[in-house]
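Dear colleague,

Please find the structure below.

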Amino acid sequence: MSLASHIKKLNAEWRKSLNPAVDEDSAVRIIKQILLALQHCHECGVAHRNLQPENIIYDNSTWKLSGFHQAAPINSDSEQADLKSVGVLLTRLLTDERKMPETLDITAVNYISEGAKTFVKKLMKKTFDKKGV
């Protein structure tokens, strides 16, 4: 099942209660697995460059990256682009918004913790400080 399918399924359930698409604890588990997979790619010198819900699959209790057709050797720009994509994924998981986080005032979303808001902002920064996230 892709992350997009998972979001749709959970969103249908959560909309009834007017809550976010995915609760923060679940979003943290998903994003942690995505970041670990991305870290492995980056350590191997590969940037994914196409992180989106359709390219993240759930298999054997694990979220995995797929869709490497745009992958390329890593550089600082592609590394940052991958991390920004994780910020977009996290925002979508928490809010089901399809807007870019830059156009969404995440500080106004009252059901997301301050920690989650800060983490999204750090992922979306144009200059990424590895020690800062």
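A residue is called buried when its relative accessible area is under 20%, exposed when it is over 50%, and partly exposed in between, with a 1.4 Å probe and protein chains only. Of the 133 residues in the chain, 42% are buried.

This is a predicted model, in which local features need pLDDT of at least 70 and side-chain atom pairs count only at pLDDT 80 or more, while totals for chains, interfaces and linings use all residues. Residues are numbered from 1 along each chain as its sequence is written, and side-chain values use heavy atoms, with hydrogens and water left out.

The chain holds four helices and four strands (DSSP runs of H or I with at least four residues, and of E with at least two, numbered from the N terminus). Along the sequence their pattern is α-α-β-β-β-β-α-α.

How do helix 2 and helix 3 pack, and at what angle? Helix 2 (residues 24–43) and helix 3 (residues 76–95) pack at about 165°, and their axes lie 10 Å apart (axes are lines fitted to C-alpha atoms over the stretch in contact, and angles run from 0 to 180 degrees between N-to-C directions). The two helices are therefore roughly antiparallel, a term for angles over 145 degrees.

In their contact (heavy atoms within 4.5 Å), helix 2 contributes residues including Ile30, Ile34 and His42, and helix 3 contributes residues including Asp82, Val86 and Leu90. The residues of this contact divide into 12 nonpolar, one polar and three charged (Ala, Val, Leu, Ile, Met, Phe, Trp, Tyr, Cys and Pro are nonpolar; Asp, Glu, Lys and Arg are charged; the others, Gly among them, are polar).

Methods: Angles under 35 degrees count as roughly parallel, over 145 as roughly antiparallel, 65 to 115 as roughly perpendicular and the rest as oblique.
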